Amino acid sequence: QVQVVESGGGLVQPGGSLRLSCTASGSIRSVENMSWYRQNLGDERELVARVTFGGSATTVDSVKDRFTVSRDNLGNTVYLQMNRLKPEDTAVYYCNAVLTRSDYVKSTYWGQGTQVTVSS
């Protein structure tokens, strides 16, 4: 059994900050990439940021210089620090984990999503 759980969303004013967390737990042998996606109703889910097992981090151009993605030393938790938030950042944010389970099966898991609303 594998779980991917996000936390940290909420309501924030434009220009404010939020930090999202996501932890993969359960019968896991190793976690490869961990990524953050976001989606608004009627839109496709889009990649926001990704960090590899080796710690290489990337963010998309629309959030570059405002968002930072990082990973803890154990490799099972990923963070998304979001600064200078804009109304267009409003979305449900989803965590994605590509991992190898204890039974050696490689698979992709999604969290349940956490709502981020940027509004005055």
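**The nonpolar core and its surroundings**

In this predicted model, the largest nonpolar core has 29 residues, and those that touch the most other members are Met-34, Trp-36, Leu-80, Met-82 and Tyr-93. Which strands supply this core? At least two residues each come from β1, β3, β4 (28–39), β5 (46–51), β7 (67–71), β8, β9 (91–101) and β11 (114–118). The strand that gives the most is β9, with five residues.

Let me turn to the pairing of strands. Strand β3 covers residues 18–26, and strand β1 covers residues 2–7; the two pair in the antiparallel sense over six bridges. Strand β3 also pairs with strand β8, residues 77–82, again in the antiparallel sense and over six bridges.

In β8, Thr-23 has Thr-77 as its bridge partner.

I come finally to Thr-59, which lies in strand β6, a strand made of residues 57–59. Is Thr-59 buried or exposed? Its relative accessible area is 17%, and because buried means under 20%, Thr-59 counts as buried. Which residues does Thr-59 touch, leaving aside those up to four places away in sequence? They are Val-48, Ala-49, Lys-64, Phe-67 and Val-69.

How values were computed:
Residues numbered from 1 in each chain as written. Predicted model: local features only at pLDDT ≥ 70, side-chain atom pairs only at ≥ 80, totals over all residues. Heavy atoms only, no water. Helix = DSSP H or I, 4+ residues; strand = E, 2+ residues; numbered from the N terminus. Buried < 20%, exposed > 50% of the residue type's maximum accessible area, 1.4 Å probe, protein only. Contact = heavy atoms within 4.5 Å. Pairing = 2+ DSSP bridges. Core = buried A, V, L, I, M, F, W, Y, C linked by side-chain atoms within 4.5 Å.
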